[in-house]
Amino acid sequence: MARQSRRNLPNLDSVSSINPDGSRRFIRPAHVSGRFTRARTIVGLLLLLITVILPWIDIGGYPAVLLDIPHRRFHLFGITLIAQDLWLSFFILSGLGFLLFVVTSLWGRIWCGWTCPHSLLLEQIFRPIERLVEGDSARQRALDDAPWTSSKVMRRGLKHALYIIASLSLAHVFLSYFVPVEVIGKWILSNPSEHWDSFLLVATLTGLFYFNFSWFREQLCIVICPYGRVQSALIDDDSLIIGYDTTRGEPRGKPSDPANGHCIDCLRCVNVCPMGIDIRMGLQIECIGCAYCIDACDQVMDKLKRPRGLIRYDSLNGFAGKRRKLLRPRTLLYAGFLLVGSIVMTLSLFQLKPFHLSVTRMSGPPFHRTETAVRNQFSVRLLNKTGQETALTIRADSGAIAQMSLNDPVPLKPYEETVLPLIVSVPATEFRAPFEFHLTLSRPDGTIVSSRDLRFLGPDLQASQRELVFD
C-alpha cells in the first residue's frame with residue numbers, strides 16, 4: 001500500500017486530488033478503526049438519527065422543527081414564530097457564528113470532523129456503501145484502473161444505484177423540515193403533477209446530493225466551504241489541532257535503527273486521510289480534523305510497542321513543549337459576544353406575544369368631518385399566533401370617543417390573520433383638538449394581550465379661533 005501511495009505523494013504546492021497533469025484524482029482512503037473512529041461513528045449516527053426523527057416528534061400539535069414557508073410559520077421545539085418574528089433569526093445566526101468561533105478557537109476544526117453534515121453523510125453513508133460494493137481502498141483503485149468488463153459495470157452500477165437511493169432518501173428528509181411528514185407520505189403515493197413544485201425540489205436535491213457524494217466529495221471542503229480559510233483567523237498557538245510531533249518523529253526511518261525517530265514513514269496516516277494530505281507537513285486548510293490519522297498512527301505504534309501520540313490532538317504550543325492556555329483574549333471576546341447575544345435572544349423570546357396587533361391609518365384624508373361627527377379611519381390587522389381558537393376584543397380608553405365600529409369580539413382560528421376596518425368617531429360638539437388615545441386588545445377573560453397608542457386627528461378649532469381673532 002505504501003508503494004501504491006508513493007506514486008502521488010501529497011505536497012504543499014497543490015491539493016492532493018489534482019494529478020500533475022491537472023486532471024482529477026479520486027481519493028480512495030483506507031479504512032481504519034480505533035478509539036476516535038468509533039467515537040466519531042457513534043456521534044455521527046446519533047446526529048443522523050436525530051436529524052431524521054425530529055420532524056416526526058410532536059410538540060404542541062406540530063413537529064419539533066417545521067419551517068412552514070407558505071404560511072410563514074416556523075415551529076421550533078414548541079415555539080411558533082411568524083414572519084414578523086424573523087428578526088430573531090439575526091440572534092440565531094449570529095449566535096451560531098460566535099459559537100463556532102468559540103469552538104474553533106478552543107478545539108480547532110472539530111466541527112468539520114465530528115459534526116459537519118457533509119462529513120457525516122460522506123463517512124457514515126456513502127463511503128460504507130462504496131466499501132460494501134467495491135471492497136477496500138486497494139480494490140477500489142484496482143477497479144478504477146481495470147477495463148470496463150461486465151463485473152466492473154455491475155459493481156459500479158450497483159454502487160451508483162445505491163447512491164441514488166440514499167440521495168433520494170436524504171432529499172425527502174430535507175423536505176420533511178418544510179412539509180409535515182404525513183403530507184409527504186400522501187404526496188409519495190399521489191401523482192407528482194399535483195405538487196410539481198415539491199417534486200421538482202426533491203428531484204433537484206437528489207441530483208445535488210448524488211453529484212456531491214458520488215463525484216465532488218472533498219472538493220466541497222476545498223473549493224466551496226470557506227471555513228478552512230477562515231480558521232486561520234480564528235485559531236492561535238493554543239488552539240487544539242491534529243498535528244505531528246516532529247521532535248519525537250524525526251528523522252524518519254526503519255525502526256531497527258536507534259538513530260531514527262519514531263516515525264517509520266509507512267504512509268499509513270496518508271493512506272487513511274479522506275482529504276489525501278500528509279499531516280506531517282503541518283496544519284493545512286484541507287485538514288478537517290477527522291482523527292483517522294491518529295488512529296492509524298496509534299495502531300502502528302502499538303505494533304512497534306512505542307507510545308501512542310506521535311500524531312495527536314494538541315496545540316502548537318503543546319507540540320513545542322509549552323503549556324496550553326484556555327483563557328485567552330480571543331476566546332474571552334468570542335464567548336462574551338456569544339453570552340450577550342444569548343441573553344438578548346432569551347429575553348426577546350420571553351417577550352414574544354401570542355397575538356399580534358397592528359394599526360395603520362387608511363389612505364386618504366386624515367379625518368372626515370360631518371355636521372354631527374369627526375371620524376378617523378384605521379386598518380386593524382389581527383393575528384392569532386397560538387394553536388387555539390379564540391375571540392379578541394378591541395377597546396379604547398378615551399372617554400371622548402363616542403363610537404367604535406369594532407365593538408363585538410373578533411373570532412380568530414389558530415394562526416389565522418385578519419384585516420378589519422376600524423372607524424373611530426367623536427361627536428362634533430365634543431371635539432376640541434387632536435388627542436392621544438390607547439387601543440387595547442384583550443381576551444374574553446379581559447386579559448390585555450397587546451396595545452397601541454394612536455392619535456385622533458381633526459380640525460384644530462382653537463387654532464382657527466386664534467386666526468379669527470387675529471384677523
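These legends accompany close-up views of cysteines and of a pocket in a predicted model.

**View 1. Cys221 and the cysteine closest to it, Cys116.** The predicted structure holds zero disulfides, a disulfide being a covalent bond between the sulfur atoms of two cysteines. For Cys221, the closest cysteine sulfur is that of Cys116, and at 6.1 Å the separation is too far for a bond, because a pair of sulfur atoms counts as a disulfide within 2.5 Å. Cys221 is buried, its relative accessibility being 15%.

**View 2. Cys297 and its nearest cysteine, Cys269.** Cys297 likewise takes part in no disulfide, and the sulfur of Cys269, the nearest cysteine sulfur, lies 6.6 Å away. With a relative accessible area of 8%, Cys297 is also buried.

**View 3. The centre of the largest pocket.** The volume of the largest pocket is about 1400 Å³, and 41 residues line it. Those that lie nearest its centre are Thr51, Leu54, Pro117, Phe174 and Tyr177.

**View 4. Elements that line the largest pocket.**

**View 5. Residue classes in the lining of the largest pocket.** Sorted by class, the lining has 34 nonpolar residues, alongside six polar residues and one charged residue.

Note on methods
Residues numbered from 1 in each chain as written. Predicted model: local features only at pLDDT ≥ 70, side-chain atom pairs only at ≥ 80, totals over all residues. Heavy atoms only, no water. Buried < 20%, exposed > 50% of the residue type's maximum accessible area, 1.4 Å probe, protein only. 1 Å grid on protein atoms, 1.4 Å probe; cavity = no way out; pocket = protein on both sides within 12 Å on 5 of 7 lines; lining within 4 Å. Points joined across faces, edges and corners; volume = space filled by probe spheres on them. Helix = DSSP H or I, 4+ residues; strand = E, 2+ residues; numbered from the N terminus. Nonpolar A, V, L, I, M, F, W, Y, C, P; charged D, E, K, R; others polar.
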